[in-house]
Amino acid sequence: MKEYSNIINSGVNRGDRLIHNFFNSLSYQSNYMVDRVERVFGGSKLAGDVFKITAGVGVPLALGYGIHRYISQKPKLKEKIPWGQLKNGGNVISRVLNNHNIRFAFSLSELQDIKTINECTFENKMKIIQMKNYNNAIVAAGGVFRMTGQIGVVFVNGGPEIISMINGIVNAKVDNIPLVVIAINPIIGEQDFDKKLLNNYFKYINEITNINEISEVLEESFSKSVESEHSCSVLIEISQALLLPEEETKEYLENFQKSRWYINKLWDEFSGRTFKYPSETNEINFYYPKLRMIESPKNRHVENVMNRLVKAKYPILVIGDQCLVSNNINNKDLNLESLKLSIQLLGVPTFLNGFSKCLGTMGINNIVNDSMEYSLERCDLLISMGISSPSFINDLNIDTSKTKVYSIEEFSQPASFSNKFGFDLVERYACDPSAFLLHLGFIFPKSHSNKWNKWLYDLQEKDSISLLINEKKSDIKVDNVNPFMLIRSLKDTFKRLEKPPVIVSDKGDFCDVANTTLGGTVLSLIQPSKFSSHSSSIGLAIASKLCFPETDVYMLTDNISIINCVQEFGTLSYYRLPINIIVANNEKHSIINPLGRDIINLQNQQPKNSMDNQSKHHEAPRTAFHKIMNAYGGNGFIINKDHGSIKDDIENIILDGREKSLNTHRPVLFNVWTDTPKQSGIGSSAM
């Protein structure tokens, strides 16, 4: 007993000595630093006292700040649910997605046999849209983020198939869109591949091997997708065995015990890759999502922009999607009215981008729809408000030697516009763009609001001239439908609707002219990034209809980009999405073969002389996209010289098709045979 007492006493004495030595060392270092400060100031005791006071206050504050950051970064527990109530991993995923307010997720139709995907909707109102193409699914998930702020969620097959979606991941990174990709590996027969290839495209890759890890890993993946200055994509791998109920998994494995897959099962057990289901009383933890808080604008930043604006002679303002969502004003209509008033108070020529196009229908008199290229050549100040794409300013090719550029975004973004020395030439402020615009509008001197009337009149006059040129071009006679007349008909049709529609357009001459011509007749106008390598915007159209089910959605495309949309016609019909697709079919001498699979160019099938003789007598039929839509269960219409080539007929056909689409809850496609007018002295030769 005495021996134990000696051991305890010796341990206590050793601990006391360690503590005593620590404080002696701390005291010695403190006195040494005070002496050095006093020597620097010529032996002044006052300097030493000031240093002691500063250290006495600063160290506790720094320690408190560090503790606060640690506590704030630690996820907060929301609830604990017994495993007996959840029963499978699919419902765990469902709970996490519900906590993050995920309304829509996307997958491929090949995943329809995995019951887990449907189980994910058991606990919440999330809807999973099964699409036909990885890139279209990623575009749709990115579209939902642009419209609602919801992080994009995509379910995919695990294994080498993940590599096929790299193109879409790169496009999402260009558009600054966060994505959470959940790859589901099969229970048996998982294919191995070099996963190091994925490290260049996904910021965060993790594999879930335990049911208790599902909620924690998913929470972390959502946080990592938006925690940096540039949104990114994360990849989560999970086995189907972790998601199905225990009985189904065991039954599935027993069916393969006598096959060659049984060796793989034994190897998994030997290598420790198998798992155990938790007991029914085991509790699964769920946490509140970590949110990136948007900072309020700083007064000095607003004043800096205001002072520069007062001195500017030719300023322009560009409004983006982020301005439509405000941290300070929850009421959307009130926020729109406040933005309208701020823009009018500034009096600066204003261009609208994306969903901010809805402001063009509110009677703001300083909105400019076209003339962006002309204004960039002359402007000396560009203020970009709430543009989410980091490449937007770089796309404008601004001469920063004469134009000062300000960019106000929700979160800081990497420099994408720099000089040869690597310095960012754009002055960026990371804060709430809506609040910044409201603050700037209400403190701006009213005496300067009419300062740029001549500049505004010049730009709006250019707008009018451009519209007049397009109107004159629309009067030129062609064999089938003049594309300028088609755009003019669409504009007049949209004016007849009760509510302005959402327009989604692909890239191309026809779509570019439509974007600048439709002006204030649309609620929003969305187009893929110029750097996007995926030409189809069918995913954006699907996302628009899901997020705005009561609003008409029109998709503008041509005969080239529509090819990537055909495979999703069945998706539109299956989910009863009444989307109106306008195809400017300008292809020449092409038909669909009898099997309807490939497009054949007649120039490769017939000699030139025979082709010339045929073109003199009749025109070869173009691809019957309207019949393809009919085959997928939608509604198809053709517009050509035999079916409504004049303006009134085009408008009536489009309105009839819209009515039929709304009544049947099916998509409608208008296959418009367009012929580009011969080059004339009117305006430019676009289209």
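**Helix pairs, cores and buried spots**

Author: Happy to. In this predicted model, the axes of helix α4 (residues 89–99) and helix α8 (residues 214–226) come within 9 Å and cross at roughly 35 degrees.

Reader: What is the handedness of the crossing of α4 and α8?

Author: The residues that meet are Gly89, Val92, Ile93, Val96, Leu97 and Asn99 in α4 and Ile214, Ser215, Leu218, Glu219 and Phe222 in α8. By class, the contact has seven nonpolar, three polar and one charged residues. As for its hand, the crossing of α4 and α8 is right-handed.

Reader: Is Asn99 buried or exposed?

Author: Asn99 lies in helix α4. Leaving out residues up to four places away in sequence, Asn99 touches Lys78, Glu79, Glu219, Phe286, Tyr287 and Pro289. The relative accessible area of Asn99 is 7%, which is under the 20% cut-off, so this residue is buried.

Reader: Moving on to Asn101, is that residue buried or exposed?

Author: Asn101 lies in the loop between α4 and β2 (104–108). Its phi is positive, about 55 degrees, although Asn101 is not a glycine. Most residues other than glycine have a negative phi. With a relative accessible area of 58%, over the 50% cut-off, Asn101 is therefore exposed.

Reader: His665 also has a positive phi. What is its relative accessible area?

Author: His665 is found in the loop between α23 (647–664) and β21 (668–673). Its phi is near 55 degrees, in a residue other than glycine. His665 counts as partly exposed, and its relative accessible area is 38%.

Reader: How many residues of the contact of α12 with α15 are charged?

Author: On the α12 side, the contact is made by Asn335, Ser338, Leu339, Leu341, Ser342, Ile343, Leu345 and Leu346, and on the α15 side by Ser434, Leu437, Leu438, Leu440, Gly441 and Phe442. Nine of the contact residues are nonpolar and five are polar, while the number charged is none.

Reader: Which residues touch the most other members of the largest nonpolar core?

Author: That core holds 105 residues. Apart from it lies another core, of 33 residues, among them Leu97, Ile182, Ile211 and Leu218. Within the largest core, the residues touching the most other members are Phe106, Met385 and Ile581.

Reader: Which residues is Met385 in contact with, leaving aside its neighbours within four places in sequence?

Author: Met385 contacts Leu317, Val318, Ile319, Gly320 and Cys323, among others. The list also includes Leu437 and Leu440, which take part in the contact of α12 with α15 as well.

Reader: Now α18: which of its residues are buried?

Author: Helix α18 (residues 509–518) is mostly covered, with seven of its 10 residues buried. The cover over them includes α16 (453–474), α17 (483–495), β14, β15 (524–526), β16 (553–558) and β17 (580–585). The buried residues of α18 are Phe510, Cys511, Val513, Ala514, Asn515, Thr517 and Leu518.

Reader: How far apart in space are Ser505 and Asn515?

Author: Ser505 lies in strand β14 (residues 502–505) and is buried, with a relative accessible area of 0%. Beyond four places in sequence, Ser505 touches Cys511, Asn515, Leu525, Ile526, Gln527, Pro528, Ser537 and Leu556. Ser505 and Asn515 are 10 residues apart in sequence, and from C-alpha to C-alpha they are 8.0 Å apart.

Reader: How many residues of helix α19 are buried?

Author: Helix α19 (residues 538–547) is mostly covered. Its buried residues include Ile538, Leu540 and Ile542, and also Ser544 and Lys545. The count for α19 is 10 of its 10 residues.

Reader: To finish, what percentage of the residues of the protein count as buried?

Author: The secondary structure comes to 23 helices and 21 strands. Of the contacts with a separation of 6 or more, 75% are between residues 24 or more positions apart. Among the 687 residues of the protein, the part that counts as buried is 48%.

Note on methods: Residues numbered from 1 in each chain as written. Predicted model: local features only at pLDDT ≥ 70, side-chain atom pairs only at ≥ 80, totals over all residues. Heavy atoms only, no water. Contact = heavy atoms within 4.5 Å. Helix = DSSP H or I, 4+ residues; strand = E, 2+ residues; numbered from the N terminus. Nonpolar A, V, L, I, M, F, W, Y, C, P; charged D, E, K, R; others polar. Core = buried A, V, L, I, M, F, W, Y, C linked by side-chain atoms within 4.5 Å. Buried < 20%, exposed > 50% of the residue type's maximum accessible area, 1.4 Å probe, protein only. Axes fitted to C-alpha atoms, helices over the stretch in contact; angles between N-to-C directions. Left-handed = near helix turned anticlockwise from the far one by under 90°.
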